[in-house]
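Please open the model in the viewer and keep the selection panel at hand.

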Amino acid sequence: VKFTEKMENQPPLLHRLITEDYAGDVVQILKDISEYAAAHLSSASIKICHDEETGAFSVHCQPEKDKPNETEPQGQSAEVDSVKKQHKQIIESVPFMPPCHEGQEREHAVSSVSARFCRNQILFGSTHLQRLSELKVLILGVGGVGSWAAECLARAGVGSLVLVDFKRIQQQNTSHSLCALETTMGQWKVDAVKARCLDINPESLSVTAIPLKLTPENVGEVLNEHGPFDAVADCCDCQHAKSALYPECQRRKVPCLVSALGAATRLDPTLVKITDLSKTTHCPVAKQLRKRLSQHGVEKGVTCIFSTEPKRNANMTSHPQLPEKGNSLANPTWVPSPMGSWVCLPALFGVVTAQIIICFAAPDGTPARELYLRQTK
């Protein structure tokens with residue numbers, strides 16, 4: 001790889017970025033492009049352009065000659081060349097912008113939407129990325145499972161999230177909830193997760209935070225007022241809310257309904273399974289839920305993440321401190337029954353919940369769509 005200009009001839013601002021406190025960012029992006037060029041091209045020129053008006057940098061990788069691939073099977077040359085061309089176009093379209101430091105204007109540090117999700121575009125393709133940007137998802141419960149699901153959906157480029165939870169963040173949430181930080185103690189969970197998601201994608205993500213306990217009486221109102229939804233992620237730990245939500249979603253023909261069941265008290269991530277609610281096994285939560293839903297005529301059509309690991313004793317009689325009172329919007333004196341939990345299993349449940357929704361949005365015939373169909377059959 002060679003450069004079109006020598007270092008001393010680069011714009012003064014770029015020289016300062018490379019030689020002073022921003023060096024790591026610039027060097028890393030040049031390293032990434034150099035590795036790409038070395039893997040796919042026999043030689044290339046890298047050109048760095050600086051827009052003085054916006055402060056943005058564009059890094060262009062111009063191939064001079066394609067590197068022959070002796071191990072490439074015959075008949076696949078055109079397809080491989082097409083993929084290389086697409087990746088090259090994506091890389092060339094991504095602007096580099098310096099990080100925001102104290103005292104700088106935020107607008108000079110926020111990169112474009114294409115820059116934020118260019119890695120997603122390489123993996124998924126532009127059509128899938130566009131569908132994700134148009135997706136509207138309801139997340140019920142944004143604690144140990146739902147906060148991780150919201151994080152993944154925001155980083156995938158989903159366009160709209162509606163968050164519903166009626167609890168505040170407490171110290172006991174620190175062990176498993178993404179939104180539980182020293183700076184967020186006492187906040188409504190929905191507000192903390194909303195702020196985090198908007199910090200991930202402030203340009204194109206819409207987030208609605210609803211501090212509400214979902215009940216059979218208000219579930220229809222929430223779906224009507226904030227819907228229609230393309231997908232619903234049930235990440236709460238309340239059987240009443242679950243059994244109220246699913247029939248209403250099916251009546252409104254929500255295309256993708258995902259439920260996380262029983263992440264607490266489990267240890268083994270290899271025993272986590274994905275299947276339809278009607279096919280779940282070894283899961284007491286799913287068994288109780290099937291019984292409740294049968295009264296509403298709902299027997300299948302809900303994709304469940306559950307564990308076949310036996311449930312451990314949920315009683316925390318040796319816990320040194322009971323949960324704080326007054327963390328519920330519906331009942332200020334309500335005190336939950338604590339259950340043993342850690343970060344790995346709730347986080348995994350949340351990540352898988354998001355993965356199913358992300359793959360649901362994929363175009364037909366793509367690997368992501370095929371994965372979704374296998375998981376939900």
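Begin by selecting His282, which is found in the loop between β10 and α11 (284–294). Please bear in mind throughout that this is a predicted model. At 62% relative accessibility, His282 counts as exposed, the threshold being over 50%. Most residues other than glycine have a negative phi.

Next, select Thr265, in the loop between β9 (256–260) and β10 (272–276). Here, too, phi is positive in a residue other than glycine, with a value near 70 degrees. Is Thr265 buried or exposed? With a relative accessibility of 7%, Thr265 counts as buried.

Now move to Pro228, in the loop between α9 (219–226) and β8 (231–234). The peptide bond leading from Gly227 to Pro228 is cis, and its omega is near 0 degrees. Most peptide bonds, by contrast, are trans.

The cysteines form the following stop. How many disulfides does the structure hold? The number is zero. Select Cys235: the nearest cysteine sulfur belongs to Cys236 and is 8.2 Å away. Cys235 counts as buried, at 9% relative accessibility. Then select Cys283, for which the nearest cysteine sulfur, that of Cys304, is 7.9 Å away. Cys283 is likewise in no disulfide, and its relative accessible area of 7% makes it buried.

Proceed to helix α7, residues 146–156, and display helix α8, residues 189–200, with it. The two axes come within 9 Å and cross at roughly 20 degrees. Angles under 35 degrees count as roughly parallel, and α7 is therefore roughly parallel to α8. The crossing is right-handed. To view the contact, select Ser147, Ala150, Glu151, Ala154 and Arg155 on α7, together with Val193, Arg196, Cys197 and Ile200 on α8. By class, this contact comprises five nonpolar, one polar and three charged residues.

Keep α7 selected and turn to its surroundings. Eight of its 11 residues are buried, so the helix is largely enclosed by the rest of the structure. The buried residues are Gly146, Ser147, Ala149, Ala150, Glu151, Leu153, Ala154 and Ala156. What do the buried residues of α7 pack against? Show α5 (118–124), α6 (126–133), β5 (136–140), β6 (160–164), α8 and α12 (344–360) to see these partners. Finally, select Gly157, which follows α7 and has a positive phi, near 95 degrees.

Terms used. Residues numbered from 1 in each chain as written. Predicted model: local features only at pLDDT ≥ 70, side-chain atom pairs only at ≥ 80, totals over all residues. Heavy atoms only, no water. Axes fitted to C-alpha atoms, helices over the stretch in contact; angles between N-to-C directions. Helix = DSSP H or I, 4+ residues; strand = E, 2+ residues; numbered from the N terminus. Parallel < 35°, antiparallel > 145°, perpendicular 65-115°, else oblique. Left-handed = near helix turned anticlockwise from the far one by under 90°. Contact = heavy atoms within 4.5 Å. Nonpolar A, V, L, I, M, F, W, Y, C, P; charged D, E, K, R; others polar. Buried < 20%, exposed > 50% of the residue type's maximum accessible area, 1.4 Å probe, protein only. Disulfide = S-S within 2.5 Å.
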